[in-house]
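Please read this briefing alongside the sequence and the coordinates, which are shown just below. The notes that follow are grouped by topic, so that each can be checked against the structure in turn.

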Amino acid sequence: MVCRLKKALYGLKKAPRAWYERLDGYLTKIGFKKGAADCNLFIRETSEGLLLIAIFVDDIIFGGNDKLSAEFSKEMQNEFEMSMIGPIKYFLGLNVKQTEKWIFMNQSKYVKEILKKFKMDDCKLVGTPMITGCKLTKEDDSPVVDTTLYKSMIGKLIYLTQTRPTISNAVGIVGRFTIEPKQSHLMVVKRIFKYL
């Protein structure tokens with residue numbers, strides 16, 4: 001006998017895709033348009049204002065005026081089994097604090113987590129992410145290091161450049177050597193962690 005599964009379940013490979021297709025269809029039906037540059041951004045413009053939605057797998061953040069946000073929350077709870085957590089405070093490594101006039105974002109908790117993960121939480125601090133005049137090349141004679149570890153470190157740093165633009169250039173430079181990273185490249189990556 002063959003059973004046809006009509007509902008995607010957590011743990012299955014295609015569950016995120018099935019969820020996204022279902023959510024995309026529903027949001028389009030209720031008047032949202034996909035962002036041109038990012039398919040995870042949905043926008044609904046009405047005479048009452050603008051409502052923005054960002055989707056990351058099964059997490060949804062949205063913003064607009066209070067009335068539009070409340071209406072959207074009700075629409076979603078009527079259609080899907082979901083819970084409202086309330087105003088955003090922490091999302092995907094970003095700490096968010098809102099006031100009447102400003103929204104402050106930082107990744108200090110994320111920084112602490114990655115420093116601990118790579119055993120650099122008690123390292124000596126440095127004042128710059130990279131030494132001035134540092135030249136890195138592929139033809140370096142230093143030994144090759146673990147590619148998986150190196151790529152993991154670079155990936156974490158790339159995500160951190162959202163709120164730490166001072167490391168962007170250094171991360172861009174060390175990111176060029178992910179195919180065959182050498183000890184000298186890893187030392188520069190560790191210096192960026194020391195700077196953080």
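**Lead**

Asp24 is placed in helix α1, where helices (H or I, at least four residues) and strands (E, at least two) are DSSP runs numbered from the N terminus. This is a predicted model, in which local features need pLDDT of at least 70 and side-chain atom pairs count only at pLDDT 80 or more, whereas totals for chains, interfaces and linings use all residues. Residues are numbered from 1 along each chain as its sequence is written, and side-chain values use heavy atoms, with hydrogens and water left out.

**Asp24 and its surroundings**

- Asp24 has a relative accessible area of 18% and is therefore buried, on a scale where buried means under 20% relative accessible area, exposed over 50% and partly exposed in between (1.4 Å probe, protein chains only).
- When residues up to four places away in sequence are not counted, Asp24 touches Lys34 and Phe42, contact being defined as heavy atoms within 4.5 Å.

**Packing of helices α1 and α2**

- Helix α1 (residues 15-29) packs with helix α2 (residues 66-79) at an angle of about 130 degrees, and their axes are 12 Å apart; axes here are lines fitted to C-alpha atoms, for helices over the stretch in contact, and angles run from 0 to 180 degrees between N-to-C directions.
- That angle makes α1 oblique to α2, because angles under 35 degrees count as roughly parallel, over 145 as roughly antiparallel, 65 to 115 as roughly perpendicular and the rest as oblique.
- On the α1 side the contact is made by Arg22, Leu23, Tyr26 and Leu27, and on the α2 side by Phe72, Glu75, Met76 and Glu79.
- Sorted by class, the contact of α1 with α2 has five nonpolar, no polar and three charged residues, with Ala, Val, Leu, Ile, Met, Phe, Trp, Tyr, Cys and Pro counted as nonpolar, Asp, Glu, Lys and Arg as charged, and the others, Gly among them, as polar.

**Aromatic pairs**

- Rings of Phe, Tyr and Trp (its six-membered ring) pair if their centres lie within 6.5 Å, and planes under 30 degrees apart count as stacked, over 60 as edge-to-face and the rest as tilted; by this rule there are six aromatic pairs.
- The ring centres of Trp19 and Phe80 are 5.1 Å apart and their planes stand at 75 degrees, so this pair is edge-to-face.
- The pair links distant parts of the chain, 61 residues apart, with Trp19 in helix α1 and Phe80 in the loop between α2 and β5 (90-91).
- Trp19 counts as partly exposed at 25% relative accessibility, whereas Phe80 counts as buried at 10%.
- Tyr110 and Tyr159 form another edge-to-face aromatic pair, at 5.3 Å centre to centre and with 75 degrees between the planes.
- This pair also links distant parts of the chain, since Tyr110 in helix α3 (residues 108-117) and Tyr159 in helix α4 (residues 147-160) are 49 residues apart.
- Tyr110 is buried, with a relative accessible area of 9%, while Tyr159 counts as partly exposed at 26% relative accessibility.
- One aromatic cluster is formed by Trp19, Tyr26 and Phe80.

- Gly35 is found in the loop between β1 (33-34) and β2 (41-46), and at 11% relative accessibility Gly35 counts as buried.
- Leaving aside neighbours within four places in sequence, Gly35 is in contact with Leu41 and Ile43.
- Phe56 lies in strand β3 (residues 49-56) and counts as partly exposed at 44% relative accessibility.
- With neighbours within four places in sequence left aside, Phe56 is in contact with Phe91 and Leu92.

**Backbone angles**

- Most residues other than glycine have a negative phi.
- Leu92, in the loop between β5 and β6 (94-98), has a positive phi, near 50 degrees, and counts as partly exposed at 31% relative accessibility.
- Lys119, in the loop between α3 and α4, also has a positive phi, of about 55 degrees, and is exposed, with a relative accessible area of 70%.
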